[in-house]
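Subject: Structure handover

Hello,

Please find the structure below. My notes on it follow.

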Amino acid sequence: MHPLPYVYASLPVGIKIQCSRCFRFAGITTTWLQKRGRIRSCHPRDKRIYRLPVFTEKFCQAFIEELENFEQSEMPKGRPNSMNNYGVLLNELGLDEGFITPLREKYLQPLTALLYPDCGGGCLDSHKAFVVKYALREDLDLSSHYDNAEVTLNVSLGKEFTEGSLYFAEFRQEPNAIPKYIEVEHVPFYGLLHQGGQMHGALPIASGERWNLIIWMRSSAIRNQRCPMCNREPELVEAEGFGEGFTRSREHRPPQTVDVCSLH
Ligand SMILES: O=C(O)CCC(=O)C(=O)O
Ligand SMILES: [Fe+2]
């Protein structure tokens, strides 16, 4: 059993180890990062899917144990979305403020600003974070979809499993087009960054249990112009917390960016 404070106490360990390395990356080029092996592009045709270290193994184990405790408790539970029957919404555990927000702002944003400057990577100001779980006799896979996010982080937390890779198609592929998918394996304790609008899904696991942390990161500067789900100008209603990441202010525009990789 891990009482919640134990997990909270262990969070900075998991984050700090990788964070201190990544802070030094802010302001340098994608090419430099790739050459040094700090992040890896997962496909030669460059679908802008990147693998990066996120948590320690010890942290992932403690995190899963805590999620299992929550699952077994009597506390009311929502599910991440209509496609998942299992899994946990992290705001229900009070993990936004002390965990996901600093992770997004301090660790991820320096990287996403570099990797996705054209889709709000430099101005991600809210998120929806949840954990998905796949197991035999529970959910096995996830059908093809795009996320309600500008940029998504998907971290493999464990446990042991076989198969269950992600597959990616074109960016917002036409529903009737013949899909050309690439498969990307989950590597334990590593994360994958991808554009939320890229069609993707998860193949069925063949054995074991797979737990992944998903952070849908949102940029109000981008989505205030056009909703990524319906492609129209959003009509706003009051919402609790981050809502779906829209804000009333339309003045914000994404900052102007240059392609640093083309500069010499
Ligand atoms: O199962 C996975 O790893 C992918 C989950 C996912 O794409 C999502 O929840 O949006
Ligand atoms: Fe997704």
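Is Asn154 buried or exposed? Asn154 counts as buried, because its relative accessibility is 6%; buried means under 20% relative accessible area, exposed over 50%, and partly exposed in between, with a 1.4 Å probe and protein chains only.

Before the rest, two sentences on conventions. This is a predicted model, in which local features need pLDDT of at least 70 and side-chain atom pairs count only at pLDDT 80 or more, while totals for chains, interfaces and linings use all residues. Residues are numbered from 1 along each chain as its sequence is written, chains are lettered from A and ligands numbered from 1 in the order in which they are written, and side-chain values use heavy atoms, with hydrogens and water left out.

The chain as a whole

The protein chain has 5 helices and 12 strands. Both are DSSP runs numbered from the N terminus: helices are H or I with at least four residues, strands are E with at least two. Of the 264 residues in the chain, 48% are buried. The chain exposes about 13700 Å², and carbon and sulfur atoms supply 52% of that; accessible areas come from the Shrake-Rupley method with a 1.4 Å probe, and for residues only the protein chains shown count as cover. Taking contacts (heavy atoms within 4.5 Å) between residues at least 6 apart in sequence, 78% join residues at least 24 apart.

Asn154 and strand β6

Asn154 belongs to strand β6, residues 151-158. This strand is largely enclosed by the rest of the structure, because 8 of its 8 residues are buried. Beyond its neighbours within four places in sequence, Asn154 touches Leu166, His186, Tyr190, Gly191, Leu192, Asn212, Leu213 and Ile214. With one of these, Asn212, the side chain of Asn154 makes a polar contact of 2.8 Å. A polar contact is a pair of N or O atoms within 3.5 Å; within protein, one must be able to donate a hydrogen and the other to accept it, and residues adjacent in sequence count only if both atoms are side-chain atoms.

β6 pairs with strand β10 (residues 190-195), antiparallel, through 5 bridges; two strands pair if DSSP finds at least two bridges between them. Leu192 is the bridge partner of Asn154 in β10. β6 also pairs with strand β12 (residues 205-218), again antiparallel, over 7 bridges. In that pairing, Thr152 stands opposite Trp216.

The iron ion

Ligand 2 is an iron ion, coordinated at 2.1 Å by His145 (NE2), Asp147 (OD) and His200 (NE2). Donors are N, O and S atoms within 2.8 Å of the metal (3.2 Å for Na, K and Ca); water is not among the atoms, so sites may look incomplete. The donor residues follow the spacing H-x1-D-x52-H. Asp147, in the loop between β5 (142-145) and β6, and His200, in strand β11 (residues 198-202), are 53 residues apart, a pair that links distant parts of the chain. Asp147 counts as buried because its relative accessibility is 2%. His200 is buried too, with a relative accessible area of 4%.

β5 and β11 run antiparallel and are joined by 2 bridges, and His145 has His200 as its bridge partner in β11. In β11, 5 of the 5 residues are buried. Gln198, His200 and Ala202 point one way from this strand, while Met199 and Gly201 point the other way. In a regular strand the side chains alternate between the two faces of the sheet.

Ligand 1

There are 14 residues around ligand 1, where near means having a heavy atom within 4 Å. Those that come nearest are Tyr134, Asp147, Asn154, His200 and Arg210. Oxygen atoms of ligand 1 lie 2.5 Å from a polar side-chain atom of Tyr134, 3.0 Å from an N or O atom in the side chain of His200, and 3.3 Å from a polar side-chain atom of Trp216. On its own, ligand 1 exposes 300 Å², and the protein buries 100% of that.

Backbone points to check by eye

Most residues other than glycine have a negative phi, and most peptide bonds are trans. The bond between Gly158 and Lys159 is cis, with omega about -10 degrees; Lys159 is in the loop between β6 and β7 (161-163). Glu163 has a positive phi, near 60 degrees. It is found in strand β7 and is exposed, with a relative accessible area of 57%. Phe189, in the loop between β9 (182-184) and β10, has a positive phi near 75 degrees.

Regards
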